[in-house]
Amino acid sequence: MREYKLVFTGPMGVGKTTAIAAISERAPISTDVANADASVAKATTTVGLDFGELTLDNGDRLRLYGTPGQSRFDFMWKILVRDALGLAILLDNSRPAPLEDLATYLDGFADALQDMPCALGISRSESHPSPSLDDYARALHARGLVMPVLAVDLRKGSDVISLIETLLMQIEVSDTGATL
C-alpha cells in the first residue's frame with residue numbers, strides 16, 4: 001500500500017471541510033474555530049488544516065488535506081502543499097469576484113504549480129452561472145496554465161470523487177512521472 005497526499009485549497013467558506021468530510025473514511029480532523037471575520041457569514045472557520053483519508057480500489061491511500069482559506073494563513077498553504085502529489089483549487093461562483101479568488105490561489109501556490117498537477121472545482125455554478133467554466137479556462141490560459149475545470153457540489157461525495165479522479169488522471173499524465 002502506498003500513500004499519497006492531495007491538498008484542497010480555496011477561499012474561506014468555499015467548502016474544503018465539507019468536501020473532505022463528504023469522502024473521508026474516518027471522521028475528519030478539523031481545526032475550526034469561531035469565525036471572527038464578519039465579511040463571511042459562517043459560524044466557524046479553519047485556522048490550521050482539515051484532514052481525512054480515502055482508500056483507493058487498489059488499496060493505496062489518499063491523505064486529504066484542506067488549507068485555511070484566509071490569506072493571512074498563507075504560511076500554512078506552503079507547509080501543507082509540501083510533498084503533495086496534487087492540488088485541487090475550490091472556488092465559489094456565488095462570491096463577488098471568483099476570478100480574483102482564482103488569481104489569489106494561483107499566486108499563492110505559484111511555486112507548487114510549476115510542477116504539481118492541479119484541478120479546479122467550481123461550486124454554486126448552477127445558481128450563479130457567471131463566470132462560466134470557459135471564463136476560468138481563459139483566465140488559466142492567460143497565465144499559461146492548463147488544468148481541468150469542473151462544476152462541483154462539494155456536499156456530494158460523488159462530485160468530490162469525480163474531482164479527485166480528474167486530478168489523479170492529471171497526475172498520471174503529468175511530467176512528474178508519478179503513477180498510481
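Exposed here means over 50% relative accessible area, buried means under 20%, and partly exposed is anything in between, with a 1.4 Å probe and protein chains only. This is a predicted model, where local features need pLDDT of at least 70, side-chain atom pairs count only at pLDDT 80 or more, and totals for chains, interfaces and linings use all residues. Residues are numbered from 1 along each chain as its sequence is written, and side-chain values use heavy atoms, with hydrogens and water left out.

Helices (H or I, at least four residues) and strands (E, at least two) are DSSP runs, numbered from the N terminus. Aspartate 83 lies in the loop between helix H2 (74–81) and strand E5 (86–92), while arginine 124 sits in the loop between E6 and H5. Neither is a glycine, yet phi is positive in both:

| Residue | Phi | Relative accessibility |
|---|---|---|
| Aspartate 83 | about 65 degrees | 72%, so exposed |
| Arginine 124 | about 60 degrees | 40%, so partly exposed |

Proline 131 is also in a loop, between strand E6 (118–123) and helix H5 (133–142). A cis peptide bond links serine 130 to this proline, with omega at about 0 degrees.

Now the inside. A nonpolar core is a set of buried Ala, Val, Leu, Ile, Met, Phe, Trp, Tyr and Cys residues joined through side-chain atoms within 4.5 Å. The largest one has 25 residues, and Leu87, Ile89 and Leu120 have the most contacts inside it. H2 gives this core its largest share, four residues. A second, separate core has 24 residues, including Tyr4 and Val152.
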